[in-house]
Amino acid sequence: MLKKIRSGKLWLKTLVLGGGGGLLLLILAQALLVQLIQPDVIRASLQAQLQHTGRSIRFDRSIDRHLFPRPGFTLHQVHISRSTAPQTDIDIERLKVQFDWRTLLGTPKIHKIVVVKPQLD
């Protein structure tokens, strides 16, 4: 048994299988993140949250999704305006939302929101 533990083959197999399993988990988590964070779903959710205020929201279609340091996404060129007014009330260059890790397993829980270069009119 001691010979087997000192064997380079055992450690190589352990390293390859462990690394491959870890890489597979990262790929699955990233695929799950892409499925959970869809532009249309985010837009509908934000519109529903702002509906009672009489405001609407627009943002650039491209969304940056990230897994580290926490799962989340970044919206670019976010504009919040009154539903009846043509001009925007709030312009935000970037809006970064980070979720708790448990979000990948169930209900979303926001960990942090970062607003970059907001402009209020």
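Accessible areas here come from the Shrake-Rupley method with a 1.4 Å probe. By that method the chain exposes about 8700 Å², and carbon and sulfur atoms supply 63% of this area. The model is predicted.

**Overall form**

The chain holds three helices and five strands. Along the sequence they run α-α-α-β-β-β-β-β. The radius of gyration is 21 Å, whereas the globule rule gives 14 Å for 121 residues, so the chain is more spread out than a compact globule. Along the principal axes, the C-alpha atoms fill a box of roughly 80 × 25 × 20 Å. Buried residues account for 27% of the 121 residues. Take the contacts between residues at least 6 apart in sequence: 45% of them join residues at least 24 apart. The charges are 18 positive and 8 negative side chains. The centres of these two sets lie 20 Å apart.

**The nonpolar core**

In soluble globular proteins, nonpolar side chains tend to be buried together. In this chain, the largest nonpolar core has 18 residues. Those touching the most other members are Ile 37, Ile 42, Ile 63, Phe 73, Leu 75 and Val 78. Helix H2 (8–36), helix H3 (39–50), strand E3 (72–82) and strand E4 each supply at least two residues of this core.

Which residues does Leu 75 contact, leaving aside its neighbours within four places in sequence? They are Ile 42, Leu 46, Phe 59, Ile 63, Glu 93, Arg 94 and Leu 95.

**Selected residues**

| Residue | Relative accessibility | Class |
|---|---|---|
| Pro 108 | 55% | exposed |
| Ser 62 | 40% | partly exposed |
| Gln 77 | 40% | partly exposed |
| Lys 117 | 56% | exposed |

Gln 98 sits in strand E4 (residues 90–99). Why is Gln 98 classed as buried? Its relative accessible area is 6%, and buried means under 20%. Beyond residues up to four places away in sequence, Gln 98 touches His 66, Pro 69, Arg 70, Pro 71 and Gly 72, as well as Ile 110, His 111 and Lys 112.

Pro 69, one of those partners, lies in the loop between E2 and E3. A cis peptide bond joins Phe 68 to Pro 69, with omega at about 5°.

Pro 108 belongs to the loop between E4 and strand E5 (110–120). Because its relative accessibility is 55%, Pro 108 counts as exposed. Apart from residues up to four places away in sequence, Pro 108 touches Phe 99 and Thr 103. Pro 108 and Leu 36 are 72 residues apart in sequence, yet their C-alpha atoms are 9.5 Å apart.

Ser 62 is in the loop between strand E1 (55–58) and strand E2 (63–66). With neighbours within four places set aside, Ser 62 contacts Thr 74 and His 76. Ser 62 and Val 116 are 54 residues apart along the chain, with 17 Å between their C-alpha atoms.

**Backbone exceptions**

Most residues other than glycine have a negative phi, and most peptide bonds are trans. Gln 77, in strand E3, has a positive phi of about 50° although it is not a glycine. Lys 117, in strand E5, has a positive phi of about 55° and is not a glycine either. The bond between Phe 68 and Pro 69 is cis.

Note on methods:
Residues numbered from 1 in each chain as written. Predicted model: local features only at pLDDT ≥ 70, side-chain atom pairs only at ≥ 80, totals over all residues. Heavy atoms only, no water. Helix = DSSP H or I, 4+ residues; strand = E, 2+ residues; numbered from the N terminus. Buried < 20%, exposed > 50% of the residue type's maximum accessible area, 1.4 Å probe, protein only. Contact = heavy atoms within 4.5 Å. Rg over C-alpha atoms; globule rule 2.2 N^0.38 Å. Lys, Arg positive; Asp, Glu negative; His and termini not counted. Charge placed at Lys NZ, Arg CZ, Asp CG, Glu CD. Core = buried A, V, L, I, M, F, W, Y, C linked by side-chain atoms within 4.5 Å.
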